[in-house]
Amino acid sequence: MTSVFPSFEEKAAGQLAAAGIEIFQINLGYRCNLECRHCHVEAGPHRRELMSRPVMAMCLEVLQRHPIPTIDITGGTPEMHPDFPRFLEKCAALGRRLLVRTNGVILLEEEYASFLDLYTQHKVEVVVSFPHVELKMTNRQRGEGVYSRLIEVLLLLNERGYGQTGSGLVLNLVHNPSGAYLPGLQHSLENHYRQALREKHGIAFNQLFCITNMPIGRYLAYLQQTDNYEDYMMALVNAFNPATLESVMCKSTLSVGWDGKLYDCDFNQMLGLTVNHGAPEHIDTFDLARLANRRVVTGNHCYGCTAGAGSSCRGEIA
Amino acid sequence: MADYYEQKDLADFANIGEYAPALGEKYFAYYGEAMKDGALSAREKALIALAVATTQKCPYCIDAYTNQCLSLGVSQEEMMEAVHVGSAMVAGIVLAHSTQMRKIIKKKEM
C-alpha cells in the first residue's frame with residue numbers, strides 16, 4: 001500500500017529515545033475469551049501463546065534487581081494464564097505499584113471468579129476495557145452480551161471497594177473508539193462516563209483512560225475492510241501534536257512479550273519490532289543501563305500515540 | 001466546479017489565517033473558547049455545532065462535527081435528534097415567514 005502521508009520519523013523531526021524505565025509491562029500471552037474488533041493483539045480463545053515459567057522467573061528476577069516502580073500486567077486477558085495466580089502473588093510481594101489489564105468479563109466465569117478476591121487482597125489496580133456507555137456500541141465492538149456482563153463485574157468490584165473513595169482500591173476504565181475515529185478529550189468523556197454509569201447502574205470508578213486505536217492487528221483489518229484506512233491515517237497525521245513526544249509511553253515503558261522478547265511498547269510487540277539500536281532484545285540479557293536510554297523503534301503506527309492529546313496505556317498524555 | 005468541497009480541504013481549515021494572520025489568530029482563540037467545556041459541556045456544544053452544520057449545509061462542518069460527536073461518545077439517536085431540532089427550526093423559520101405573505105394577502109385581496 002502506498003502511503004500518502006509523511007513518515008512518522010519525518011514528522012517527529014528526529015529520533016525518539018527512552019528516558020528510564022518506570023513501567024515494566026508484561027504480556028502474559030494472547031489468550032482471551034473475547035475477540036474484540038479493536039484488539040491490536042488479535043487475542044482470542046484459539047491463541048496458544050503463553051509466557052513460560054522460566055520467562056516469568058526472569059521477569060521477577062529483573063524486578064527484584066531493579067526498583068522499577070510499576071508492574072503492568074496485560075495479555076490477552078492475564079487470568080487465562082494457568083500460572084497467573086502464583087505470578088501475581090510474587091509480583092505483589094515486591095511492593096511495587098501493580099496493575100492488571102483485564103477484559104473484565106472473565107471474572108464472571110466460575111473458574112476465574114477467585115481473582116476478584118486475589119486482586120482485592122493485594123490491592124491490585126484493575127484496568128477494565130469499557131469502550132462505550134451505550135450497550136449496543138460496546139456489544140458491537142466486544143461481542144454480544146459483553147456490556148451487561150461488564151456492568152455485573154463493575155458492580156462486584158464496587159462491592160469490594162474498588163472505585164470507592166478512600167478504599168485504596170483503584171478501578172480504571174479504558175475507552176477505545178467504537179469505529180474509525182479518534183477519541184475525544186479524556187476529561188469530557190470521563191465526565192460523560194461517570195454520569196452515565198452512576199445514573200444507569202450506580203457504578204463508580206476512578207479514572208477513564210482514552211486510548212486511540214492503533215492501525216495494527218484486528219483494528220487495521222477493520223479499517224482496510226471498511227475502506228477507512230487512508231482517512232484514519234490522515235486524521236492521525238493531521239492531529240499530530242509534537243508536544244506529545246515529551247511523554248509518549250515508550251519513553252518510560254519496557255514491554256516484555258510472552259516469549260521474553262523486549263519491546264518499546266505493546267504495539268511494537270504485535271508488529272514483531274523488538275528493541276533495537278544495540279539494546280538487549282531478550283529478558284535473559286536484560287541490562288538496565290543499555291535499555292534505559294535506548295533509541296526507540298518507531299513507525300507510522302506511532303502517529304496513534306501522538307495525535308491530539310496523545311495516547312498511552314494510561315490514556316491522554318498532553 | 002469539480003474541485004469544490006473536496007474532503008481533504010477540511011484539513012486546510014487550519015490555514016484560514018493565511019493573508020490575515022492576526023485576524024485568523026483571533027478567530028481561532030475565539031473558536032477555542034466558545035467550544036470548550038463551560039456552562040455547557042463540550043459534548044452539548046458538539047451537538048449544537050452539528051445541528052448548525054446541517055442547517056447551514058456545510059459539508060466540512062458536518063464531517064468535523066459528526067466525528068467530534070462520535071469521539072465524545074454521543075449516540076446516533078442524540079445526533080439524529082439534534083439534526084431534527086435544526087430541521088424543525090428551519091421549517092419553523094420558513095413558516096414564520098409566511099406571516100409576511102399572509103399579511104400581504106389580507107391587505108391586497110378584496
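## Ground rules

Contact here means heavy atoms within 4.5 Å. This is a predicted model, where local features need pLDDT of at least 70 and side-chain atom pairs count only at pLDDT 80 or more, while totals for chains, interfaces and linings use all residues. Residues are numbered from 1 along each chain as its sequence is written, chains are lettered from A in the order in which they are written, and side-chain values use heavy atoms, with hydrogens and water left out.

## A look at Asn172(A)

Asn172(A) sits in strand E5 (residues 171-175) of chain A; strands are DSSP runs of E with at least two residues, helices runs of H or I with at least four, numbered from the N terminus. Its relative accessible area is 1%, so Asn172(A) is buried (under 20% relative accessible area, 1.4 Å probe, protein chains only).

What does Asn172(A) touch, leaving aside its neighbours within four places in sequence? The contacts are Glu125(A), Val126(A), Val127(A), Val128(A), Asn206(A), Gln207(A), Phe209(A) and Arg314(A). With Gln207(A), a polar atom of the Asn172(A) side chain lies 2.8 Å from the backbone nitrogen.

## Where B meets A

On the chain B side, 13 residues are in contact with 17 residues of chain A. The rule finds one salt bridge across this interface (a side-chain nitrogen of Lys or Arg within 4 Å of a carboxyl oxygen of Asp or Glu). Lys136(A) pairs with Glu77(B) in a salt bridge, with the closest N and O atoms 2.6 Å apart.

Helices H2 (42-55), H3 (59-71) and H4 (76-96) of chain B each give two or more residues to the side that touches chain A. H3(B) gives the most, with three residues.

Note on methods
Buried means under 20% relative accessible area, exposed over 50%, partly exposed in between (1.4 Å probe, protein chains only). A polar contact is a pair of N or O atoms within 3.5 Å; within protein, one must be able to donate a hydrogen and the other to accept it, and residues adjacent in sequence count only if both atoms are side-chain atoms.
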